[in-house]
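Please look over the sequence and structure before reading on.

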Amino acid sequence: MMTEIITSLLLLLGAFLMLLSGIGIIRMPDLLTRMHATSKAGALGIGLMACGFAVFYNEHTSLVVRGLAMVGFVIVTAPVAAHVLARAGYFVGIKLWEGTIKDVIKERYDLKTHLLRSAPRKRDPDQED
């Protein structure tokens with residue numbers, strides 16, 4: 001009985017987070033915030049649902065290991081994939097939301113060489129633009 005309750009809670013919470021992820025795709029104003037919503041809530045939702053799967057089939061070790069391996073895989077790959085997609089979108093010219101306060105990449109990206117510095121370049125007072 002306790003296994004069913006824990007499984008149900010994990011599945012419902014995971015489904016709720018997946019719903020939030022879907023709503024985030026619709027409600028967020030630009031690519032970067034949409035990617036943030038889907039990678040965070042989506043990865044956690046899938047992870048909780050897989051944990052519910054592992055709890056329900058706790059007598060079958062191979063199924064528990066598969067479920068936990070899926071959780072690990074999703075939690076490692078989802079943020080990396082979202083980062084790469086958002087970065088590629090930025091570099092091809094996807095417009096940011098007009099409410100964006102600071103564009104850190106713009107300060108560090110050289111349009112001529114297509115190099116992205118890890119820190120902003122310090123200006124030399126003797127050098128002219």
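The model is predicted. The protein chain has four helices and two strands, in the order α-α-α-α-β-β from the N terminus. With a radius of gyration of 21 Å, well over the 14 Å given by the globule rule for 129 residues, the chain is more spread out than a compact globule.

**Extent and surface**
- The C-alpha trace of the protein chain spans about 75 × 30 × 20 Å along its principal axes.
- Buried residues make up 22% of the 129 in the protein chain.
- The protein chain has an accessible surface of about 9,700 Å², and carbon and sulfur atoms account for 68% of that area.

**Contacts along the sequence**
- Of the contacts in the protein chain between residues at least 6 apart in sequence, 56% link residues at least 24 apart.

**Packing of H2 and H3**
- Helix H2 covers residues 31-56 and helix H3 residues 61-91; their axes lie 8 Å apart at an angle of about 175°.
- Angles over 145 degrees count as roughly antiparallel, and H2 and H3 are therefore roughly antiparallel to each other.
- H2 contributes Leu31, Leu32, Met35, Ser39, Ala43, Ile46, Gly47, Ala50, Cys51, Phe53 and Ala54 to the contact.
- H3 contributes Leu63, Val64, Gly67, Met70, Val71, Val74, Ala78, Ala82, Leu85, Ala86 and Gly89.
- The residues of this H2–H3 contact comprise 18 nonpolar, four polar and no charged.

How values were computed: Residues numbered from 1 in each chain as written. Predicted model: local features only at pLDDT ≥ 70, side-chain atom pairs only at ≥ 80, totals over all residues. Heavy atoms only, no water. Axes fitted to C-alpha atoms, helices over the stretch in contact; angles between N-to-C directions. Parallel < 35°, antiparallel > 145°, perpendicular 65-115°, else oblique. Contact = heavy atoms within 4.5 Å. Nonpolar A, V, L, I, M, F, W, Y, C, P; charged D, E, K, R; others polar. Rg over C-alpha atoms; globule rule 2.2 N^0.38 Å. Buried < 20%, exposed > 50% of the residue type's maximum accessible area, 1.4 Å probe, protein only. Areas by Shrake-Rupley, 256 points an atom, 1.4 Å probe, with all protein chains shown as cover.
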